[in-house]
Each structure stands twice: as structure tokens, then as C-alpha cells.
Amino acid sequence: MDRICGAILNKIHALSPAGHYVIVDEDELYEAFPEDCERTDDALERALSALKGSGYIDLKYSRGEMYCVAPLKEYIEESPPPPPEEQPVPQRRRADFVFVSAFLGSALGSLIVSVIFAVI
């Protein structure tokens, strides 16, 4: 939602509780525009149609400079999802020392048994 739509929606919510219609003059809606935005009929119509299309307001009628609108829901700015936490990468050992020691122990045992049989 752009700044103009947010300002107009806040103005409509200030004038009427949710679900209740209120008749608003065009000049009141222009007062809600941000300072650096151009106050034109096209910008107002575009903002009202965007709010109506998104389901934030219900526009019953617009005759001349008068609008009958009802706020339906408030705009809650969605915060971006938090970045995923980096999981620590487990450090991998180059060799499994338990495997190497077991292998060397069995090789030494076999060597001893072979020497004993060779001598006898």
C-alpha cells in the first residue's frame, strides 16, 4: 500500500468506526494527503479504488465532491520475515581416530600371532 492510500485509510478510520458509513467531503480527504504528494482527482480516485479493491473500505457512492465510505479493516504493515539463522557447520575430521587406532591394533595383533606361529 502506498503512502496516499495509507493516509486516506487512516483519515477514514478517524472519522468513523469500522463498518459504519460516513459522508466525507473531497477536501477532507485531500487534507490527509502527505505534504509532498500532488493533490489531484486522479490520485484520489486511484487511492479509493485501490482501497476498495483490497477490501479496506466500502465505497457506497460518490456524487460530486462527496463520498459515502465505511472502513472495513485496518491496515497492519507486515514486517518482513526474519532472515534465517545460519546454522553452524559441523567440523569434519580428516580421519576417524577411533577407526585408525582399532585398525592398527588389529594389524599389530595379527603380526604378533603370525610371528608366534612362524617361530613354533
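Colleague: How many disulfides does a search of the whole structure find?

Modeller: This is a predicted model, and the test for a disulfide is a pair of cysteine sulfur atoms within 2.5 Å. The sulfur of Cys68 has its closest cysteine sulfur in Cys5, 19 Å away, which is too far for a bond. Searching the whole structure gives a disulfide count of zero.

Colleague: Is Cys68 buried or exposed?

Modeller: The cut-off for buried is under 20% relative accessible area. Cys5 has 6% and is buried. Cys68 has 7% relative accessibility, so this residue also counts as buried.

Colleague: Which residue forms a salt bridge with Arg3?

Modeller: The structure holds one salt bridge. Arg3 lies in helix α1 (residues 3-15) and its partner in the loop between α2 (26-31) and α3 (41-54), so the pair ties together parts that are 33 residues apart in sequence. The closest N and O atoms are 2.4 Å apart, and the partner is Asp36.

Colleague: In what order do the three strands form the open sheet?

Modeller: β1 (22-25) and β2 stand at the edges with a single partner strand each, so one side of each has no neighbour in the sheet. The pairing is antiparallel, and the twist from one strand to the next averages 30 degrees. The order is β1-β3-β2.

Colleague: What angle does the direction of α1 make with that of β3?

Modeller: α1 packs on the sheet and touches β1, β2 and β3. Another helix, α3, lies across β2 and β3 and runs at about 140 degrees to β2. For α1 and β3, the angle is about 85 degrees.

Colleague: Which element has the lowest mean pLDDT?

Modeller: Where pLDDT is low, the predicted coordinates should not be read in detail. The protein averages 84, and 95% of the residues score at least 70. Among the elements, helix α4 (residues 97-119) has the highest mean, 91. The lowest mean, 84, belongs to strand β2 (residues 57-63).

Note on methods
Residues numbered from 1 in each chain as written. Predicted model: local features only at pLDDT ≥ 70, side-chain atom pairs only at ≥ 80, totals over all residues. Heavy atoms only, no water. pLDDT = per-residue confidence, 0-100. Helix = DSSP H or I, 4+ residues; strand = E, 2+ residues; numbered from the N terminus. Salt bridge = Lys/Arg side-chain N within 4 Å of Asp/Glu carboxyl O. Pairing = 2+ DSSP bridges. Axes fitted to C-alpha atoms, helices over the stretch in contact; angles between N-to-C directions. Contact = heavy atoms within 4.5 Å. Buried < 20%, exposed > 50% of the residue type's maximum accessible area, 1.4 Å probe, protein only.
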